[in-house]
Amino acid sequence: MTWMDVGHINDIPLRGARIVKTPLGCVGLFRTDVAEVHAASNSCPHKGGPLSEGIVHGQKVTCPLHNWVFDLTTGAAVGEEGRIDIYPVRLEAGRILLDGTALGKRSAA
Ligand code: FES
């Protein structure tokens, strides 16, 4: 794995999200209400809704366009056919580290 520093957890509001532009593409960073961060695709597989503008609740995010719900720990849609890509991410002294190797695999797919 190649860990990339993509910001500080405090750059993201509680139960909020932001987009990070990596050399390998845009990724959504989603912060839950228990100070954890998930990294996932920003694009909803239904009709491309911007998931980073959705509502984060628990370990899930709801798409702002038609309310599909995605589990941020698995990428699976809840009650629908579909999933989003998720990426390895970890926190180190508040810094958000994203696995650039996993992003590279996505780009090549
Ligand atoms: S675009 Fe996300 S639910 Fe329709």
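How much accessible surface does the protein chain have, and what share of it belongs to carbon and sulfur atoms? The accessible surface comes to about 5,700 Å², and 51% of that belongs to carbon and sulfur atoms (areas by the Shrake-Rupley method with a 1.4 Å probe; for residues, only the protein chains shown count as cover). Keep in mind that this is a predicted model: local features need pLDDT of at least 70, side-chain atom pairs count only at pLDDT 80 or more, and totals for chains, interfaces and linings use all residues. Residues are numbered from 1 along each chain as its sequence is written, and side-chain values use heavy atoms, with hydrogens and water left out.

**Overall build**

- The protein chain has one helix and ten strands (DSSP runs numbered from the N terminus: H or I of at least four residues for helices, E of at least two for strands).
- Reading from the N terminus, the order is β-β-β-β-β-β-β-β-β-β-α.
- With a radius of gyration of 13 Å, close to the 13 Å from the globule rule for 109 residues, the chain is as compact as a globular protein of that length (taken over C-alpha atoms; the rule is 2.2 Å times the number of residues to the power 0.38).
- Along the principal axes, the C-alpha atoms fill a box of roughly 35 × 35 × 20 Å.

**Burial, contacts and charge**

- Of the 109 residues, 43% are buried (under 20% relative accessible area; exposed is over 50%, partly exposed in between, with a 1.4 Å probe and protein chains only).
- Take the contacts between residues at least 6 apart in sequence: 41% of them join residues at least 24 apart (contact means heavy atoms within 4.5 Å).
- There are 11 positive and 11 negative side chains, and the centres of the two sets sit 3 Å apart (Lys and Arg are positive, Asp and Glu negative, with His and the chain ends not counted; charges are placed at NZ of Lys, CZ of Arg, CG of Asp or CD of Glu).

**The four-stranded sheet**

- An open, antiparallel sheet runs in the order β2-β3-β4-β8 (strands pair if DSSP finds at least two bridges between them).
- Its edge strands are β2 (16-22) and β8 (86-87), each pairing on one side only.
- Strand β4 (residues 37-40) is joined to β8 by two bridges, and Ala39 has Tyr87 of β8 as its bridge partner.

**Ile12**

- Ile12 sits in the loop between β1 (3-8) and β2, and is buried at a relative accessible area of 1%.
- Leaving aside residues up to four places away in sequence, Ile12 touches Ala17, Arg18, Leu29, Arg31, Val37 and Ile96.
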